[in-house]
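Here is a short tour for anyone who likes to check the geometry alongside the text. Have your viewer ready.

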Amino acid sequence: MDALLLAEQGLNGLQLGVMLFLMAAGLTLVFGIMDLINLAHGSFYMVGAYLTAALVPVLGNFPLALVAAVLLTALIGLAVEAVALRTLYRRDHLDQVLATFGLILFFNELVKIVFGPVPIFLNPPAALAGTVDLFGLKYPAFRLTILAVGIAVAVFLWLLIAKTRLGMLIRAGATNREMVMALGVDVRLLFGLVFALGCGLAGLAGAMAGPVLAVQVGMGEQILILTFVVIVIGGIGSIRGALVGALLVGIVDTMGRALLPSAFRMVMDAASANAAGAALASMAIYVLMAVVLAIKPKGLFPAA
Amino acid sequence: MKRILLAATALSLCASSVSAAETLKIGLVTTLSGPGAVVGADIRDGFALAVEHAGGKLGGLDTQVIEADDQQKPDVAVGLANRMTERERVQFVTGIIWSNLALAMVPTLAASKTFFISPNAGTAQLAGAQCNPYFFNVSWPVDTVAEAAGQAAQTQGFKRVYAMAPNYPSGKDVVAGFKRGFKGEIVGEAFTPFGQLDYAAEIAQVKAAKPDALFIFYPGGMGINFIKQYDQAGLLTQIPLVGPGFSFDQDILGAVGDAAIGIKNPLQWSPDLDNAENKRFVEGFKTKFGRIPSFYAAQSYDAAKLIDGAVKAVGGDLKDKDRLRKALESAPFDSVRGRFRFNTNHYPIQNYYQREVVRDETGALTNRLTGIVFTDHADVHAQNCPLK
């Protein structure tokens, strides 16, 4: 394997990691601060993708459709929090899992009723549809855009959490919720905002993933499992953990799929190398999770 | 008390046997929820259209179609097989899309002597040593279509081909079938986890291997993911895609868009096949449902017509199972794909055509015939089937 190919696979790994980070950031915030296990996080990802696909032909412009879709997803999140989730904060995690699983079924059926069961069309904007020449490496422009958006979101979240009053409350809430309540902070408002932020991030992930992946009913559940792996590795409730965990998972998964089959071919025949390589590559991230948990049971960057 | 109960049972038995003689009951078990529901909708609608074309009476009998959602889960499918045989007492079960579900249902259906007409699920296992007197397939063994794709790639003049498929039984079958038809060099293969979302790593490997063509088998959402990403990597024009028609049909073309145009994909059917049955089917489907039918709908339509023809041939007598089976084996119906007959393993002997994705006059993406790959082709598994 030459250096160029290795560089390309590295970029692929980073890009997958960034995509997972967009999902994981929202999930980990909601879990860390509100102590709510939200299985329906993937549904907001799906809603973001569908709204973007529906708005592009209406607004005639991808970035505009994306912003509108993210805001709408956040609003939907706000409504869901007020209607369905507010009563669940005091219940135990099993009740939350049950209720948010119900939300998954609800959103899947709703999207099917509104948009139909057939996957719908969403392509990158024309300017980003082709490839970019990076020192002789032709790389898809839209994947570079995902990378850039992910980095921008990471910086935005860092500024929000480290430099603003809201961020201070979020950090305080994650560390000791009872004390924050006792100090007179409007926790109901704080939770609503955090949940809307998480949903907006999931919507953004969906909008950015839409042009690369199939926009179809159930697309949220496919990525949700990977997202949970990321936040478990990173440490639940920690944005920094989500970033590191997402990049680790992205790179390990990509490199595993790229390198393992050819590595096995050095010691065995092609057919069994392909089979063994594929099997091990699909396990790689779970092995990573097991190793991390064995060494640091609370993840790499535990929040509290 | 006991006597009343006995009398009631006798009465109900009597009633059910009378109704069974008058009504043809068919269990349509298919996927109506989740991502697979796209295909399930076409299976259901294709079947409904055939019943409508027969005036609501398949084989001249009052026809009752009992729909059920298998959720694409084998355990649910087995539960439904029990329900269909024990509670609904159907004479036929059809609708099944997925091989793993079909395999799970065969024992239950065969034990109760219920005929199982698969409109799609076409595992090689049921075509070979595990063939079953009560199982009929109106589609293909999945690897035989891949064999046609291999032969087609050969004809297109490709020498070095890279092969990719999901890592599950049908994925392995398909790649093996492709190798049977393609005589050139396989420069690499990759089996990806079932349901994988991002193919960037594999696409980079393909690009580095510089093959003449890339063979893929990615049905459903996986196909949409793959083709979009392959297009965005700028490879569609450099390394053409080849593969069986499953990955390039009506269920995904709308979501893939222009990227799919020009891809060659062999299959046993195409919407523009020129015969009276097919014209009636395609036009009827477009009028009734407002969309172009997929090959799934065409196969389900054929499944209904097979039942129709066989029941007619036995004069509506659903009791004599051996006679009904003989009638089914003779395939007494006009298929939308033209010439159709059953091999000894109850799988079709049929033509396989080369197709190409185009934009039709209304602007919709669909497939057009461009040639024929195999004429009157039988699969290689029939020789292992003990049925005669």
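How far apart do the C-alpha centres of domain 1 of chain B and domain 2 of chain B lie? They lie 30 Å apart.

## About the model

This is a predicted model, in which local features need pLDDT of at least 70 and side-chain atom pairs count only at pLDDT 80 or more, while totals for chains, interfaces and linings use all residues. Residues are numbered from 1 along each chain as its sequence is written, with chains lettered from A and ligands numbered from 1 in the order in which they are written.

## Two domains in chain B

Chain B splits into domain 1 (2–140 + 273–342) and domain 2 (143–267 + 354–377), with bounds from an automatic or database domain assignment. Their contact (C-beta atoms, placed from the backbone, within 7 Å) takes 12 residues from domain 1 of chain B and 16 residues from domain 2 of chain B.

## A parallel strand pair

Still in chain B, strand 1 (residues 23–30) and strand 2 (residues 62–69) run parallel and are joined by eight bridges. Pairing requires at least two bridges found by DSSP; strands are DSSP runs (E, at least two residues) and helices likewise (H or I, at least four), numbered from the N terminus.

## Where the chains meet

Across the interface, 36 residues of chain A are in contact with 33 residues of chain B. Helix 1 of chain A gives the most to chain A's side, with six residues.

Conventions: Contact = placed C-beta atoms within 7 Å.
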